[in-house]
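Please keep the sequence and the three-dimensional view at hand while reading.

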Amino acid sequence: MAVRRWASALLSLILAAFLVGAASDRYDRAVWGGWLDEDADCQDTRQEVLIRDAEPGSIEWRVGHEGCQVATVRWTDPWTGTHVSNPGQMDIDHHVPLKNAHDSGGWRWARARKQAYANNLSFPGHLRAVLASANREKG
């Protein structure tokens, strides 16, 4: 009888581990949230990175219903060396992709922690402005 209960308990643990693993495999970019304006300065994280990574003195602003945005600026893509002045041609790249963070245990995080990670500006290498076409080629 004890062996039967032990086997049943073991089977339950294996099933639970399988179900938790299956839940962890589903990555949904939307769960990690969008860009935040954490310091309430009219610039969300995307704009902050575009500004930080711009060539000095090259920024022109636009203020609209979505807050303050970079209208034109000059960047040099760190991967291709291409010079860009249209912010629409730039992506903000996560050094550790959100999918990788998810697969490495971030799937367990609460939504607020995921959004904080996706918008983290405390480490300059975490987010960088890169040429969108080059960023999307890497898959």
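What follows describes charged pairs, a strand pairing and the nonpolar cores, in that order.

The structure is a predicted model, and it holds four salt bridges.

| Salt bridge | Distance, N to O |
|---|---|
| Arg52 and Asp53 | 2.8 Å |
| Glu55 and Arg74 | 3.0 Å |
| Asp91 and Arg136 | 2.7 Å |

The side chains of Glu55 and Arg74 meet in a salt bridge. Glu55 lies in the loop between helix H2 (45-52) and strand S1 (60-64), while Arg74 lies in the loop between strand S2 (67-72) and strand S3 (75-76), so this pair ties together parts that are 19 residues apart in sequence. Glu55 is partly exposed, with a relative accessible area of 26%, and Arg74 is likewise partly exposed, at 37%.

The side chains of Asp91 and Arg136 also meet in a salt bridge. Asp91 belongs to strand S5 (residues 90-94) and Arg136 to helix H5 (residues 132-137), so the pair ties together parts that are 45 residues apart in sequence. Asp91 is buried, because its relative accessible area of 12% falls under the 20% limit used for that word. Arg136, by contrast, is exposed, with a relative accessible area of 59%.

For the bridge between Arg52 and Asp53, Arg52 is partly exposed, with a relative accessible area of 35%, and Asp53 is partly exposed as well, with a value of 25%.

Turning to the strands, S1 and S2 run antiparallel and are joined by five bridges. A hairpin of two residues leads from S1 to S2, and Glu60 stands opposite Thr72 in S2.

The last topic is the nonpolar interior. In soluble globular proteins, nonpolar side chains tend to be buried together. The largest nonpolar core here has 13 residues, of which Leu50, Trp75, Met90, Ile92 and Ala129 touch the most other members. The elements that give two or more residues to this core are H2, S5 and strand S6 (127-131), and the largest share, three residues, comes from S6. Apart from this core there is a second, separate one of five residues, including Trp32, Leu98, Ala101 and Tyr117.

Conventions: Residues numbered from 1 in each chain as written. Predicted model: local features only at pLDDT ≥ 70, side-chain atom pairs only at ≥ 80, totals over all residues. Heavy atoms only, no water. Buried < 20%, exposed > 50% of the residue type's maximum accessible area, 1.4 Å probe, protein only. Helix = DSSP H or I, 4+ residues; strand = E, 2+ residues; numbered from the N terminus. Pairing = 2+ DSSP bridges. Core = buried A, V, L, I, M, F, W, Y, C linked by side-chain atoms within 4.5 Å.
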